[in-house]
Amino acid sequence: MSLYEKFLLFGDSITQDADGQDRGFAWAAALRGAYVRKLEVLNRGMSGYNTDQALKVLERVVPNPEYEKLRFMAVFYGANDACWPTDQNNQSVPIPQYTGNLIKIFTHPLVKAHNARLIIITPPPVNEYQTWITDQAKGYTIARRSAEHTKEYADAAREVGKDLNIPVLDLWRLIMLKAGWKPDDDPLPGSRIAPENPILIQMLRDGLHLSPAGYKVLHEGMMELIRRVWPDQVPSRLPNVLPNWNDRDGWNAFTADEV
């Protein structure tokens, strides 16, 4: 069995990019720092993936429980599923299929074998002003994402969490509340028929992917969720896997061969 139990992050490019520190604060790196010497954080983000593709690679991403143990598994999909259908390079997954895929991920026998603490992360909001610029640069003649459509996928992810009794980190709501959103807002902040929102510009570097400020919201939301749901798992309450250099009792527990 591996020395460290794992904290698995399974998602798309927003997860993949969460280790990059070239722009500043990075979520996976911060989480890894929080749990250093206590848990090993695995970043299994794959750029462009939707939940259809996530299911296809699941058995290669989730480790064999005979050799490695997951203590946490966070699933962060929906940003690509929420694209509108396109004739080429289609990433869209209809909502019923998206929710079904999430359920299949969380109820997969390999995932269940770990008996890990499971977390759903909703897709973040989008800023259509920025994503439309990116779409045009890629040669698309119609917008591939909308604020309202993305909200529907965040709502769907939230419902999966409710149905499966899995804690939800509602990133969509956390960012939108910072942007001044209220439940009765019409149009939504982020829509091109609403004024461009400066907080969304700050949180989303291209209207879709998180900026350092957005990753900080995600990290703080994750730590708050763990404190609330599993208070015994906050880093300060977990022992180091290997003893501190001056831990006499810890070193005494080692045999001569182990040292």
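Which residue in β3 is the bridge partner of leucine 9? I looked this up at the start, working with a predicted model. The partner of leucine 9 is alanine 74.

**Entry 1: the sheet**

I then followed the two strands as a pair. Strand β1, residues 6-11, and strand β3, residues 70-76, run in the parallel sense and are joined over six bridges. I noted for reference that strands of a sheet pair through backbone hydrogen bonds, either parallel or antiparallel. I next traced the whole sheet and found five strands in the order β2-β1-β3-β4-β5, forming an open sheet with parallel pairing. I recorded β2 (40-45) and β5 (168-169) as the edge strands, since each pairs on one side only. I also checked what lies against the sheet: α3 packs on it and touches β1, β2 and β3. The direction of α3 makes about 160° with that of β1.

**Entry 2: α3 against α4**

I turned to helix pairs, bearing in mind that two packed helices are described by the angle between their axes and the distance between the axes. Helix α3 spans residues 51-61 and helix α4 spans residues 95-107; their axes come within 9 Å and cross at roughly 20°. An angle under 35 degrees counts as roughly parallel, so α3 is roughly parallel to α4. I noted the crossing of α3 and α4 as left-handed. On the α3 side I listed Thr51, Asp52, Ala54, Leu55 and Leu58. These meet Gln97, Tyr98, Asn101, Leu102, Lys104 and Ile105 in α4. Sorted by class, the contact of α3 with α4 holds six nonpolar, three polar and two charged residues.

**Entry 3: α4 against α7**

I examined α4 again with another partner, helix α7 (residues 147-164). The two pack at an angle of about 40°, and their axes are 10 Å apart. Helices α4 and α7 are therefore oblique to each other. Their crossing is right-handed. From α4 the contact takes Ile95, Tyr98, Thr99, Leu102, Ile103 and Phe106. From α7 it takes Glu152, Tyr153, Ala156, Ala157, Val160 and Leu164. By class I recorded 10 nonpolar residues, one polar and one charged in the contact of α4 with α7.

**Entry 4: α2 against α10**

I looked up α2 and helix α10, residues 212-229, which pack at an angle of about 35° with axes 9 Å apart. The crossing of α2 and α10 is right-handed. Trp27, Ala30 and Leu31 in α2 meet Tyr215, Leu218, His219, Met222 and Met223 in α10. I classed the residues of the contact of α2 with α10 as seven nonpolar, one polar and no charged.

**Entry 5: backbone exceptions**

I searched the backbone with the general rule in mind that most residues other than glycine have a negative phi, and most peptide bonds are trans. Arginine 37 has a positive phi, near 75°. I placed arginine 37 in the loop between α2 (27-34) and β2. Which peptide bond is cis? The bond from aspartate 186 to proline 187 is cis, with omega near 5°. I located proline 187 in the loop between α8 (171-178) and α9 (198-203).

**Entry 6: the record**

I consulted the UniProt annotation, an unreviewed entry, which gives "domain: SGNH hydrolase-type esterase" for residues 9-217. I computed that the end C-alpha atoms of residues 9-217 lie 16 Å apart. The span is 43% helix and 11% strand.

Notes. Residues are numbered from 1 along each chain as its sequence is written. This is a predicted model: local features need pLDDT of at least 70, side-chain atom pairs count only at pLDDT 80 or more; totals for chains, interfaces and linings use all residues. Side-chain values use heavy atoms; hydrogens and water are left out. Axes are lines fitted to C-alpha atoms, for helices over the stretch in contact, and angles run from 0 to 180 degrees between N-to-C directions. Helices (H or I, at least four residues) and strands (E, at least two) are DSSP runs, numbered from the N terminus. Angles under 35 degrees count as roughly parallel, over 145 as roughly antiparallel, 65 to 115 as roughly perpendicular and the rest as oblique. A crossing is left-handed if the near helix is turned anticlockwise from the far one by less than a right angle, and right-handed if clockwise. Contact means heavy atoms within 4.5 Å. Ala, Val, Leu, Ile, Met, Phe, Trp, Tyr, Cys and Pro count as nonpolar, Asp, Glu, Lys and Arg as charged, and the others, Gly among them, as polar. UniProt positions are given in the numbering used here, feature names are shortened, and annotations may be inferred rather than shown by experiment. Two strands pair if DSSP finds at least two bridges between them.
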